[in-house]
Amino acid sequence: MAADSLGVYIHIPFCVRKCAYCSFYSSPADETVRQAYTEALCRDILSYGGRGLGCDTVYFGGGTPTALESGQLIKILEVVKTAFDMDSDAEVTLEANPDSAAPEKLEALRAAGFNRISFGVQSLDDRELSALGRLHDSKKAIVAVKNARAAGFENISCDMMLGIPHQDTASMLATARGLTGLGISHISAYMLSVEEGTPFFEQGIEVDDDRLADMYLALCEQLGSEGFEHYEISNFAKQNRRSRHNMRYWQDREYLGLGCRAHSFFEDRRFFCDEDIKTYISSVSHRLTVSEEHPDRLEEYILLGLRTSDGISFERLKELGADEERLQRIRECAVMLESHGLCRFSGSGFSLTEKGFLSSNSVIAQLELC
Ligand code: SF4
């Protein structure tokens, strides 16, 4: 592995159809646009070649990466391998939707080097899937996971959602059990958030926070009893199956995002490609908007580290510049949070409990003010 190993994120902004709750930058596109985007993306990736940059994780996210043909996805991965010194053991993840994951496509992608797949399942209840506006039903989702395994994917993750219309704790837990019963090794569980501009917002759909909190805690208990480590607010993994790529974000390590609207933390700057699909395709050099030069690593360490079960250590806080007075204030704040069951101390630092994860925004904000 090269010394400067990065995580490389590849953004595919296409979806066959918009889901009713989705506020991400993605849209349907015809084959001409998808091919032109693939070519523009390959040029963008190659512009980072020749610099001796290594990478040990690659993540194809979206949108729906599997909205591209397998040949296009494989071409992009080959270009990543050309531009970066890729670790032979690199984790290569592909986000996929069950409706665009035919067996032969999965086989071709696995053979080309994709070794982790993350399905946007959301639910195994057909009424809930229909309310979300998803293209697949539960049967299709189950078949897709089985096909991925048959194609040789051993590292399979599924996304599920909490707070879907018609969902209750029993149906949410049935989805979780249905997914774990398929032998997957990772689950990402996201809470529904209704964003302005989405059909859900127009329909006035509301999320009941108390109901969501009950579901979240019930899910944590269920997955914990099945041997899943709750390693980040929304993520659960079997042993050694944490998402290595996403851990980078929470460990405040550098990554390069390629494609329109992709975000990067590279060479001590945070920036994103501020272009729409059309502009991205026609650009020779891309319009990158810098959101932060020299980010405050101490504050980021607190903010990101507390999202994970590893938490933060006092030694690292000190290395990042916290003086004795600040350390003492953080310690006192953590003691207060512990007394409310929101955090727990380990030998060298502390982390949030599941109850703490539930109110992580306000808990972390308190610690940042210390
Ligand atoms: S598949 Fe994902 S990115 Fe695409 S519209 Fe649905 S939620 Fe949004």
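**From one residue to the chain**

Analyst: Once neighbours within four places in sequence are set aside, R344 is in contact with E338, F350, S351 and T353. Please keep in mind throughout that this is a predicted model.

User: Where in the secondary structure is R344 placed?

Analyst: R344 belongs to strand β14, which covers residues 343-345, and the protein chain as a whole has 15 helices and 15 strands.

User: Is R344 buried, exposed or partly exposed?

Analyst: Burial is read here from a count of neighbours, where 20 or more other C-beta atoms within 10 Å make a residue buried and 12 or fewer make it exposed. R344 has 15 C-beta neighbours inside 10 Å, and therefore counts as partly exposed. Across the protein chain, buried residues make up 39% of the 370 residues.

User: What does the radius of gyration say about the protein chain?

Analyst: The value is set against what a compact globule of 370 residues would have, near 21 Å, and because the protein chain has 21 Å, the two agree. Along the principal axes, the C-alpha atoms fill a box of roughly 60 × 50 × 40 Å.

User: Which residues are around the ligand?

Analyst: Among them are C15, K18, C19, C22 and F24, together with G62, G63 and T64, and the shell divides into 4 nonpolar, 6 polar and 1 charged residues.

Terms used: Residues are numbered from 1 along each chain as its sequence is written. This is a predicted model: local features need pLDDT of at least 70, side-chain atom pairs count only at pLDDT 80 or more; totals for chains, interfaces and linings use all residues. A residue is near a molecule or strand if its C-beta atom, placed from the backbone, lies within 6 Å of it. Ala, Val, Leu, Ile, Met, Phe, Trp, Tyr, Cys and Pro count as nonpolar, Asp, Glu, Lys and Arg as charged, and the others, Gly among them, as polar. Helices (H or I, at least four residues) and strands (E, at least two) are DSSP runs, numbered from the N terminus. The radius of gyration is taken over C-alpha atoms; the globule rule is 2.2 Å times the number of residues to the power 0.38. Two residues are in contact if their C-beta atoms, placed from the backbone, lie within 7 Å.
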